[in-house]
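Subject: Structure for your attention

Dear colleague,

Please find below the structure I promised to hand over, together with its sequence. I would be grateful if you would look through it alongside the notes that follow.

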Amino acid sequence: LSVSELGAIAAVTEEIDYDAESAVIEEGEAGDRVYLIIEGRVAVCKGKDPGSEFRLDTMGAGDYFGEMALFEEAERSATIRTLEPSRFLVLDKQEFYELVREYPGIALQICTVLSHRLRHLHARLAEAGGISGPPGEDRCR
């Protein structure tokens, strides 16, 4: 994103801290905000039972999650759990809509990232032989 786009986002976000091992969002809950990771790392987990969660991905500073909630009225598709103490900027849906009207490139960048994540997920599922995946590091806990 450009400096002006980043500045516009920073002006309308709220900063939030989470301890390690905290659920930032839960699969199945309603979503109306996106989280930008300032520092820390999170796991993207699929599966509602804590013992059977499968780690889809790991994200760190500079990444963001929850953006699908900005484009559709659907439940959260995954749980995001902190792996270490983490700090986020939070952008609500209404502020996002106002930003996109002024800076349409922000929405295009998010679409590019969504496409990349979908390709990455397809590759991971092919490697793992399905959503159940192998034991070990692909587990969320």
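Predicted model: local features only at pLDDT ≥ 70, side-chain atom pairs only at ≥ 80, totals over all residues.

Overall fold

The secondary structure of the chain consists of four helices and eight strands. Read from the N terminus, these elements follow the order α-β-β-β-β-β-β-α-β-β-α-α. The radius of gyration is 15 Å, close to the 14 Å that the globule rule gives for 141 residues, so the chain is as compact as a globular protein of that length. Along the principal axes, the C-alpha atoms fill a box of roughly 45 × 30 × 25 Å.

Of the 141 residues in the chain, 38% are buried. When contacts between residues at least 6 apart in sequence are considered, 76% of them join residues at least 24 apart.

The four-stranded sheet

An open sheet is formed by four strands in the order β1-β8-β3-β6, with antiparallel pairing. β1 and β6 (64-65) stand at the edges with a single partner strand each, so one side of each has no neighbour in the sheet.

Two of the pairings involve β8 and may be followed residue by residue in the model. Strand β1 (residues 14-18) pairs with strand β8 (residues 86-92) in the antiparallel sense, over five bridges. Within this pairing, Y18 has S86 of β8 as its bridge partner, while E14 stands opposite V90 in β8. Strand β3 (residues 33-39) also pairs with β8 in the antiparallel sense, here over six bridges.

Residue K93

Where in the secondary structure is K93 found? K93 belongs to helix α3, which covers residues 93-102. Is K93 buried or exposed? Its relative accessible area is 12%, which is under the 20% cut-off, so K93 is buried. Leaving aside residues up to four places away in sequence, K93 touches D32, A69, L70, E72 and E73.

With kind regards

Methods. Residues numbered from 1 in each chain as written. Heavy atoms only, no water. Buried < 20%, exposed > 50% of the residue type's maximum accessible area, 1.4 Å probe, protein only. Contact = heavy atoms within 4.5 Å. Rg over C-alpha atoms; globule rule 2.2 N^0.38 Å. Pairing = 2+ DSSP bridges.
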